[in-house]
Amino acid sequence: MMKITIAALALLAVTVAAYEHEDYHSHPSYKFEYGVKDPHTGDHKSQWEHRDGDVVVKGAYTLHEADGTERVVEYSSDKHNGFQAHVKRVGHAHHPEVYGHH
């Protein structure tokens, strides 16, 4: 029983020592992007984002609207300007000429 207790305490000491060395204040940094193009549903969208530390985040997303236009949103966030988003619509809206039944 004494050997099991000593082995368990040694394992616990190794686990605690490894746990204490983790850096919870590391420099956050990532990049990601994704996209969807589904011809069956007409779902077309994409997004990308880049973060470098706690100071700067930049990204954009696009999606196809039901009227045929594309919405493009470019955004950024930093300590000086806060969150900024610029939205634009690309293309011309197309609406059906006939509504209802004939």
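Contact, a word used throughout this tour, means heavy atoms within 4.5 Å. You are looking at a predicted model, where local features need pLDDT of at least 70 and side-chain atom pairs count only at pLDDT 80 or more, while totals for chains, interfaces and linings use all residues. Residues are numbered from 1 along each chain as its sequence is written, and side-chain values use heavy atoms, with hydrogens and water left out.

**Stop 1: D67**

Select D67, in the loop between β3 (56–64) and β4 (70–78). Strands here are DSSP runs of E with at least two residues, and helices are runs of H or I with at least four, numbered from the N terminus. Is D67 buried or exposed? D67 counts as buried because its relative accessible area is 12%; buried means under 20%, exposed over 50%, and partly exposed in between, with a 1.4 Å probe and protein chains only.

Now show what surrounds D67. Setting aside residues up to four places away in sequence, D67 touches R89, H92, A93, H94 and H95. With R89, the side chain of D67 also makes a polar contact of 3.2 Å. Such a contact is a pair of N or O atoms within 3.5 Å; within protein, one must be able to donate a hydrogen and the other to accept it, and residues adjacent in sequence count only if both atoms are side-chain atoms.

**Stop 2: the strands on either side**

Colour β3 and β4 next. They run antiparallel and are joined by eight bridges; two strands pair if DSSP finds at least two bridges between them.

Carry on to β5 (residues 82–90), which runs antiparallel to β4 with nine bridges. Here V73 has V87 as its bridge partner. β4 and β5 form a hairpin too, with three residues between them.

**Stop 3: β2**

Move to Q47, in strand β2 (residues 43–52). Which side chain does Q47 join through a polar contact of 3.2 Å? That partner is Y75. Beyond its neighbours within four places in sequence, Q47 is in contact with F32, E33, Y34, A60, Y61 and Y75.

Finish at H44, also placed in β2. H44 counts as partly exposed because its relative accessibility is 23%. H44 and T62 are 18 residues apart in sequence, and their C-alpha atoms are 8.2 Å apart in space.
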